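This report walks through a protein model as a set of computed geometric features. Please read it alongside the sequence and the coordinates.

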Amino acid sequence: MVSMFKVLKEQYDNFHLINRLAAYELKSANNNNYLGSLWELLNPAIQIAIYWFVFGFVQGRKPITYDGGGTYEYFPWMLAGIAIWFFIYPSITHGSKSIYTRLKMVSRMNFPLSAIPSYVILSKLMPQLLLMLVTIIIFQFMGIPINIYYLQIPYFLVATILFLFSLSLITSTISTIVRDFQMLVQSLMRVLLYITPILWPLGHFGDTFQFVMKLNPFYYLIEGFRYALLGEGWFFIEHGWLTLYFWAILLVFLFLGSYLHVRFRRHFIDFL
Amino acid sequence: MTKSVVVKNLTKRYKLYSSNKEKMMDIFLPKSYGEPFYALRDVSFEAEKGDTIGFVGINGSGKSTLSNIIAGIVPETSGSVEIDGQASLIAVAAGLNNQLTGRENIELKCLMLGFSKEKIKALEPDIIDFAELGKFIDQPVKSYSSGMRSRLGFAISVHTDPDVLIIDEALSVGDKAFGEKCLEKMQEFKERGKTMFFVSHSIGQMKKFCEKAIWLEFGKVKMEGSIKEVIPAYEKFMDDYKKMSNKEKKQYREDAFKERSEEKEAVHS
């Protein structure tokens, strides 16, 4: 418990630092490319096009119908869900290796090491906001107008950031100590795209299968953004139990992550 | 006089593993695996404000480990280091980001040291001026020569105004003119009562600059005292060492290695 408050206080105290470091992170990532930061949008755009081609066009998915009544074409339905995936995926893979790749840069012991995963995640957030904006603009031309349910977006963004941060505290500690863990994370993340209901709807399956799939905390985030962007409803109220479950998982992760991080951080440098 | 750095019974033990499997077992199992190696064993000394202390010793005697521990970069295995204020280490490869320009690195480095936005803005011109990089300040650091890199690193470190400064071989890369400038700056630090540690193989620089010296040999303090006592003794040892035949040298190093990998309780003096 003590470690958790310590880690959270470090985030609060170093807010400016985290912001600036995130800005530099973004800058140094795209310095070598002629198109620069444009790649932060081009990369997801290419992938979205492929997913649409394979699942939407070749397999010819039917429009998706929700219990609430809304029916959506495959492309906007997929886009609404996958947009946030382009924040989740790099945040987890980079967050996990954030500490051991940057420890040399820090070179002072009283640097708040818990700020490293958070600034790496924050640097992924900026392109994400842009991607979300582009998605919203596209939706205006597809007949899915701005709606009151957009108000959920800030809530789900905060939930996503907190969740990714908690998870990264755990993964970055483990992968600093055992480097193989990073490999595992990268493979698992590729799998996670397909076992999370991002590219396929959950609606057709049996209750048990649906229940198991909903235990995946990413389902909550993806579906939440979908409800918001498509204007389907207030997801976190309609699925109250899922909301409780998600925050419980988040707290457990945060607690565990802070404990591991604080316990091992003094010795991180010895594992390099 | 007030103590600025107190090092007590400092020990740093590394583990040498013969395989990755052994390393894994050491992390996860309570039993100890791998061969211990004492980079430092039972090192104690004190430094007062305004002291400039040189660390001498042959390669691998623990000078850099000691400076890293004082700077707080590497944790100690046992013993303690108490520092009054903030310590800063200047080493040749002082954690610059190769992708960013010199100017951006200045801000990044200062941010990491915990400075506010205003303070960084105020410091920036001084640092740029001191580093003498000209137009290169707006070029990525990867295009710098090693001298330029160490100049930038040195300029940043001295302007962050630490209370304890540790200089690890950083002056040996720059040219003579820059070396002079750095020594001048360090002289100024000395007058302001800051404590400095100086690691160098250049006995000349050390004689010029330090008042005290600590001679480390195989992770232990062999001799400690004023520069006038330690340096001649060290030079004499170096001469003797050079005169040894290769076989004797090898024997000498092997004996030392054996001693450093022995697991034994530190003898407190």
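The model is predicted, and local features are reported only where pLDDT is at least 70.

**Contact between chains A and B**

Across the interface, 21 residues of chain A are in contact with 18 residues of chain B. On the side of chain A that touches chain B, α2 (15-30) and α4 (74-106) of chain A each supply at least two residues, and α2(A) gives the most, with seven residues. By class, the residues on this side of chain A divide into nine nonpolar, six polar and six charged.

**Chain B as a whole**

| Property of chain B | Value |
|---|---|
| Box filled by the C-alpha atoms, along the principal axes | roughly 50 × 50 × 40 Å |
| Buried residues, of the 269 residues | 38% |
| Contacts between residues 24 or more positions apart, of those with a separation of 6 or more | 72% |

Does the radius of gyration of chain B, at 20 Å, agree or disagree with that of a compact globule? For 269 residues a compact globule would have a radius of gyration near 18 Å, and because chain B has 20 Å, the value agrees with that expectation.

**A helix pair in chain A**

Helix α6 (residues 152-177) of chain A packs against helix α11 (residues 240-264) of chain A at an angle of about 35 degrees, with their axes 8 Å apart, and the crossing in which α6(A) passes α11(A) is left-handed. The residues of α6(A) that meet α11(A) include L162(A), F163(A), L167(A) and I170(A), while those contributed by α11(A) include L250(A), F253(A), G257(A) and H261(A). Taken by class, the contact of α6(A) with α11(A) has twelve nonpolar and five polar residues, with no charged residues.

**A three-stranded sheet in chain B**

In chain B, three strands form an open sheet in the order β2-β1-β4, with antiparallel pairing. Because β2 (35-48) and β4 (78-83) of chain B each have a single partner strand, they stand at the edges, and one side of each is left without a neighbour in the sheet. From one strand to the next, the twist averages 20 degrees. Strand β1 (residues 3-16) of chain B is joined to β4(B) by five bridges, and the two strands run antiparallel; T11(B) stands opposite S78(B) in β4(B).

How values were computed
Residues are numbered from 1 along each chain as its sequence is written. Chains are lettered from A and ligands numbered from 1 in the order in which they are written. This is a predicted model: local features need pLDDT of at least 70, side-chain atom pairs count only at pLDDT 80 or more; totals for chains, interfaces and linings use all residues. Two residues are in contact if their C-beta atoms, placed from the backbone, lie within 7 Å. Helices (H or I, at least four residues) and strands (E, at least two) are DSSP runs, numbered from the N terminus. Ala, Val, Leu, Ile, Met, Phe, Trp, Tyr, Cys and Pro count as nonpolar, Asp, Glu, Lys and Arg as charged, and the others, Gly among them, as polar. The radius of gyration is taken over C-alpha atoms; the globule rule is 2.2 Å times the number of residues to the power 0.38. A residue is buried if 20 or more other C-beta atoms lie within 10 Å of its own, exposed if 12 or fewer, and partly exposed in between; C-beta atoms are placed from the backbone. Axes are lines fitted to C-alpha atoms, for helices over the stretch in contact, and angles run from 0 to 180 degrees between N-to-C directions. A crossing is left-handed if the near helix is turned anticlockwise from the far one by less than a right angle, and right-handed if clockwise. Two strands pair if DSSP finds at least two bridges between them.
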